[in-house]
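This briefing goes through selected parts of a structure, grouped by topic. Please keep the sequence and the 3D view at hand while reading.

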Amino acid sequence: MLNAQGKKIMAQGKSRGWIMEPEAKTLLRIFNFAVPAFLWTGKLQEAEAFAAEQGFPLAMKIVSSTIVHKSEAGGVVLGIDGLEGLREHFERFRAFEGFEGVLLEEMVRGSAEVIIGSKTDLQFGPVVLLGIGGTGVEIYNDAVLRMAPLTSADARSMIESLKGKALLTGFRGSTGINIAYLQQMLIRFSNLVMELDDIESIDLNPVICSSERAVIADARFILQSE
Amino acid sequence: MNLKPLFTPRTMAVCGVSLKNEAHPANVIFNKNNLRYPIETYALNPKGGTFQREPLYPDFSAIPEHIDLAVIATRAEAVETVLADCLKNKVGAAVVVSAGFAEIGNHRLQERITSMALEASFPIIGPNCLGIHRPARFDTLFLPSERLVRPEKGNLAFISQSGGVLVDQMLKFAGQGIGLSAGVSIGNKAVVREIDLLAYFDRDPSTRVMAFYIEGFAENEGRHFVQAAQACKKPVVVMKSGKSPGGSKAASSHTASMAGDYFVFKEVMQQHSIAVAKDEHELGAFCESLSNFETQIEGRVGIVTVSGGHGVVAVDTCTEHGLQVPVLSKATREAILPRLNPSIRDIASLDNPVDLTGSSFDSDFVAVTDILSRSPEVDAILILLLPYSPGISTDISAKLSHIHQREGKPMVAYLPKDEKYRIILEGFELYNIPVSPSIEGSVLMLEALRRCKKC
């Protein structure tokens with residue numbers, strides 16, 4: 001169920017048309033999805049304190065109400081390995097249009113990246129997509145889709161139906177990811193999209209999968225315009 | 001809503017019959033039904049008079065008996081009045097052939113008709129449609145009989161949003177030997193929609209398979225359709241137009257950009273055990289196969305051939321379509337060998353495909369098919385019948401049919417298309433073994449049994 005904080009995020013997002021990443025992560029955390037440890041701040045001292053506590057390397061992303069596609073705008077830096085880099089990029093991001101702080105995150109490790117997404121289809125209502133993810137997601141174009149809510153058989157067949165499923169189940173001696181965890185996550189995500197109103201589409205991309213769990217490294221919620 | 005009067009009417013009234021225009025749709029419909037189909041047919045025109053020595057009735061109350069089905073082919077503006085007359089006289093249902101409604105932007109007129117019908121629980125097919133063709137029963141298609149190629153009576157119900165696709169597909173079904181229980185063109189689907197027909201034909205005893213040509217659903221209608229189709233007892237096949245991504249609207253997310261309309265449609269249909277035919281070839285193959293068999297298969301195909309080349313092509317095509325061609329066990333091969341004619345024992349290949357060579361006889365085909373029909377190693381049989389070999393007789397298909405009839409394992413055949421081989425074709429079809437003139441077509445028939453979870 002959506003708590004007061006979640007309702008507030010949805011309401012704010014509604015007026016903007018989309019939900020900014022730190023708020024999307026907060027929303028996902030409310031629903032018990034794994035997200036990286038993160039801090040949303042506009043103050044350099046707070047960022048430095050987070051780095052001291054969390055340790056390097058870290059990822060830094062721009063938070064701006066006018067920038068939906070952060071990578072394309074040059075607003076994502078991965079693998080910052082010291083205070084010097086942290087300060088440099090913080091100052092650079094400060095000059096971005098609509099600056100509302102930075103998102104500082106732990107770097108999550110895994111053996112495979114997937115995209116989990118949803119869209120509210122005019123004819124079929126909420127549908128859930130699973131694909132081989134990362135930045136090349138539209139190049140691989142290896143995705144499967146089911147109508148929400150998903151049954152466990154649906155979640156199983158989604159993973160089975162990916163052309164690149166060996167990337168997930170393991171190949172040439174590499175250990176696979178935790179398939180059962182991913183299946184459960186797909187089902188829980190499908191329940192989330194059934195519960196939230198006004199969603200146009202959601203991208204969880206990449207979701208970084210390891211032999212233990214699957215962590216949502218980036219999330220984008222686009223809401224239906226009024 | 002009771003759809004029975006739409007599909008099993010005893011009496012029919014055709015509204016809008018013209019005294020001046022012999023090619024008027026109403027005239028064509030009246031002419032093709034009156035005294036030609038086992039349905040009592042009456043002609044209506046508000047002006048009254050006589051038409052072809054039959055009375056022209058001014059309205060429904062003037063007709064001496066109760067009317068089950070009204071076929072309305074008047075001008076769009078007159079449809080409301082005729083419908084009111086239908087309701088007043090307790091007519092059972094209507095097909096509205098007339099155009100001039102939502103399809104040209106005349107939404108108000110269509111909405112008025114919809115609410116009139118829904119309020120009275122009165123089923124209407126159309127408007128802007130060809131209506132219903134039921135072989136050996138009646139036909140509301142306003143196309144002259146001599147222009148149409150009509151399939152035999154069979155067990156496929158084909159429902160099409162487009163009248164043109166219905167008529168064209170009827171010709172193709174006829175050519176493939178696929179019989180229809182009903183062909184329905186639903187046009188603007190103002191009252192009766194795909195989902196209502198799904199429910200009706202699922203209970204219709206003369207229908208075994210339902211196929212739909214779909215252009216699009218209304219908001220959330222697709223969700224209800226797939227849920228209803230999954231609950232049906234009978235297999236459902238769909239073909240959709242509009243596969244190309246229309247209007248390159250810049251997508252705001254990766255998901256929206258990857259999940260185009262056709263991709264969503266195809267994936268969601270398959271999730272609900274509906275077989276999606278990507279084109280008319282698949283549609284024909286799926287319908288033919290599903291109207292003959294009720295067995296779902298995993299897709300382990302046993303192939304029997306006289307030509308090694310055809311065997312290889314068939315294996316490739318099976319693999320491409322997700323079907324397996326498992327190597328036969330030693331025990332099965334040892335069971336086959338002594339039953340073959342001594343002359344081919346040394347040259348036949350028994351792995352799978354079983355290649356009997358051009359020197360084989362009918363009895364070799366019968367022996368292999370008999371053993372494969374009983375072996376759990378394969379769950380379907382593909383016969384590649386090249387009728388050129390001297391040892392193969394025209395009785396071969398009937399002989400193989402008997403095995404199929406006895407053992408019940410799905411069997412399909414490839415047979416080259418030529419009038420010369422018609423007797424072989426009929427031998428197969430007589431006992432419900434579907435035949436395709438292409439290897440790919442025969443493989444698609446097997447794929448339908450694998451894809452459709454409800455055969």
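Which residues are buried in H4(A)? In this predicted model, they are Gly85(A), Leu86(A), His89(A), Phe90(A) and Phe93(A). These residues sit on the same side of H4(A), because they cover an arc of only 130 degrees around the axis.

**Helix H4 of chain A**

- Helix H4 of chain A covers residues 83-94, which makes 12 residues.
- From its first C-alpha to its last, H4(A) reaches 16 Å, close to the 16 Å expected at 1.5 Å a residue.
- Glu84(A) and Glu88(A) lie on the other side of H4(A) and are exposed.
- The buried residues of H4(A) pack against several elements of chain A, including helix H3 (44-54), strand S2 (38-41) and strand S3 (58-64).
- Strand S4 (76-80) and strand S5 (99-106) of chain A are also among the elements that the buried residues of H4(A) pack against.

**Chain A as a whole**

- Chain A contains 8 helices and 11 strands.
- A compact globule of 226 residues would have a radius of gyration near 17 Å, and the 18 Å of chain A agrees with this.
- Along the principal axes, the C-alpha atoms of chain A fill a box of roughly 50 × 50 × 30 Å.
- Buried residues make up 54% of the 226 residues of chain A.
- If one takes the contacts in chain A between residues at least 6 apart in sequence, 61% of them join residues at least 24 apart.
- Chain A has an accessible surface of about 10100 Å², and 51% of this belongs to carbon and sulfur atoms.

**Strand S8 of chain A**

- Strand S8 of chain A (residues 143-147) is largely enclosed by the rest of the structure, because 5 of its 5 residues are buried.
- In a regular strand, side chains alternate between the two faces of the sheet.
- Ala143(A), Leu145(A) and Met147(A) are buried on one side of S8(A), and Val144(A) and Arg146(A) are buried on the other, so that both faces are covered.
- S8(A) runs antiparallel to strand S7 (residues 125-132) of chain A, and 5 bridges join the two.
- Val127(A) has Met147(A) in S8(A) as its bridge partner.

**The sheet of chain B**

- Chain B has an open sheet of 7 strands with mixed pairing, in the order S9-S8-S11-S10-S12-S13-S14.
- Strand S9 (138-139) and strand S14 (275-277) of chain B are the edge strands, each pairing on one side only.
- Strand S12 (residues 209-214) and strand S13 (residues 236-240) of chain B pair in the parallel sense over 5 bridges.
- Ile214(B) has Lys240(B) in S13(B) as its bridge partner.

**Phe60 of chain B**

- Phe60(B) is in the loop between strand S4 (54-57) and strand S5 (69-72) of chain B.
- Phe60(B) counts as buried because its relative accessibility is 5%, and buried means under 20%.
- Leaving aside residues up to four places away in sequence, Phe60(B) touches a set of residues, among them Ala13(B), Leu44(B), Ile67(B), Val82(B) and Val91(B).
- Pro46(B) is 14 residues from Phe60(B) along the chain, and their C-alpha atoms are separated by 9.9 Å.

**Helix H9 of chain B**

- Helix H9 of chain B (residues 261-271) is largely enclosed by the rest of the structure, because 8 of its 11 residues are buried.
- The buried residues of H9(B) include Tyr262(B), Phe263(B), Phe265(B) and Glu267(B).

Conventions:
Residues are numbered from 1 along each chain as its sequence is written. Chains are lettered from A and ligands numbered from 1 in the order in which they are written. This is a predicted model: local features need pLDDT of at least 70, side-chain atom pairs count only at pLDDT 80 or more; totals for chains, interfaces and linings use all residues. Side-chain values use heavy atoms; hydrogens and water are left out. Helices (H or I, at least four residues) and strands (E, at least two) are DSSP runs, numbered from the N terminus. The expected span of a helix is 1.5 Å times one less than its number of residues. Buried means under 20% relative accessible area, exposed over 50%, partly exposed in between (1.4 Å probe, protein chains only). The arc is that of the directions from the helix axis to the C-beta atoms. Contact means heavy atoms within 4.5 Å. The radius of gyration is taken over C-alpha atoms; the globule rule is 2.2 Å times the number of residues to the power 0.38. Accessible areas come from the Shrake-Rupley method with a 1.4 Å probe; for residues, only the protein chains shown count as cover. Two strands pair if DSSP finds at least two bridges between them.
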